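Please have a look at the structure below. My notes follow as numbered points.

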Amino acid sequence: MSAITFCGGTVVLEGRLLAGAEVEVSAGRIAAIRERPTSAAGAVDLDGGYLTPGFLDLHVHGGDGSDFMDGTPDAFRTACRAHARHGTTSLLPTCTVASHEQHLAFLNLCREMKAQDTGGARVIGAHFYGPYFAHEARGAHPAAGIRPPVPAEYEQYLAFADAITTATVAPELPGAEEFVRACRAKGLRVTTGHSHATFEQMEAAVGWGVQHIDHVWCAMSDRARLRQSQTYPMRGGVLEATLYFDELTTEIIADGKHLQRELLLLAYKCKGPDRLALVSDCSRALDMPDGPYVIGPLDGGEPFRKADGVGLLPSGVALASSVVGMDHCVRTFQKLTGVPLETVVRMASLTPARIAGVDRDLGSIAVGKRADLLVLDPELNVRTVYRDGHRIWVAGA
Ligand SMILES: [Zn+2]
Ligand SMILES: [Zn+2]
């Protein structure tokens, strides 16, 4: 494979911007970063824009009409290609609450697609999400499929451990501790989400090996929610534990619809850019017109409506995941918080790569890493996407 050289713009490195630098890619990896260009013939001109690492999305359900729960390789490819257009070069296909058979089919597809070129974002491994949620924190997931973890069932899921990166559980469910320990024994990362656990239950869960919290502020207990079921003194919930424990990383939906600026800033202040990842939590409605859709499998998923740049549940009040890609989240987080670009990019690339355990190979522009690269224009719109040094998408082509 021939070498590619990028120059004529600003290179977004792990902790800094390097204007006028040159990056050389060879055999699918970053071969050199030079402060001064060598004016290589045939170099890719960044045209005053940015060269950034490709984004890694830890929490994404689908795009361009397809959901990872649709049960077909074509649906996987469609969603992976859709997210590549928005700068995501690696992702964790994330399931929804569904039937046992649908979960097995999803895991089987994750294993199959992990070994293939999707033509878009690379599949790292499944985010096994649901059915082990708390009923009262189910959000946009169907109530019927929610259940506590039982070994006879989850051992069948853990037979796919090679294709799972992370698994979510609400720690207040009976059997949660055994599930967390079984996942950790298989080398999986464990996440808490859709939970109304108390702070004390979260403290115990950290001891079992829970490392990460799904979409901070969303579908979780906090002081005010827990107060409804008790008298005094007030107690903390999943939210307070997320902000408190340095052992916990978390993720945030920065689509500008789920959370106001102050909640982005507060999570950023408490967790810092190395413990807070941007996620899209995007549904199949990405790049689709406004109208009715289903989150999760067409057979048994929850209906919602795309309107006003977000997914709305029939109530019109609660949200049913985002409808945007990571590029939108990066632009929105940067605009609302004023955090420097290199730091926001890190929260969409190196930080999630570290959380997923793939930062040795992915997540930043560093010599030896895979050449997953984005050319962004000065307004941070995606112009060109490279995965493993191959150009997989060009805007307007
Ligand atoms: Zn969720
Ligand atoms: Zn989700």
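1. Start with a term. Two strands pair if DSSP finds at least two bridges between them. Strands themselves are DSSP runs of E, at least two residues long, numbered from the N terminus.

2. This is a predicted model: local features need pLDDT of at least 70, side-chain atom pairs count only at pLDDT 80 or more, and totals for chains, interfaces and linings use all residues. Residues are numbered from 1 along each chain as its sequence is written, and chains are lettered from A, with ligands numbered from 1, in the order in which they are written.

3. Now the sheet. Six strands form an open sheet with mixed pairing, in the order S3-S2-S7-S22-S23-S24. Strand S3 (17-19) and S24 are the edge strands, and each pairs on one side only. From one strand to the next, the twist averages 20° (axes are lines fitted to C-alpha atoms, and angles run from 0 to 180 degrees between N-to-C directions).

4. Look at the end of that order. S23 and S24 run antiparallel, joined by four bridges. Threonine 384 stands opposite valine 394 in S24.

5. Next, the domains. An automatic or database assignment sets the bounds. The protein chain has domain 1 (4-51 + 374-394) and domain 2 (56-362). Their C-alpha centres lie 30 Å apart.

6. Which elements give two or more residues to the side of domain 1 that touches domain 2? They are strand S23 (382-387) and strand S24 (390-394). S23 gives the most, with three residues. In total, 13 residues of domain 1 are in contact with 16 residues of domain 2 (C-beta atoms, placed from the backbone, within 7 Å).

Key. Contact = placed C-beta atoms within 7 Å.
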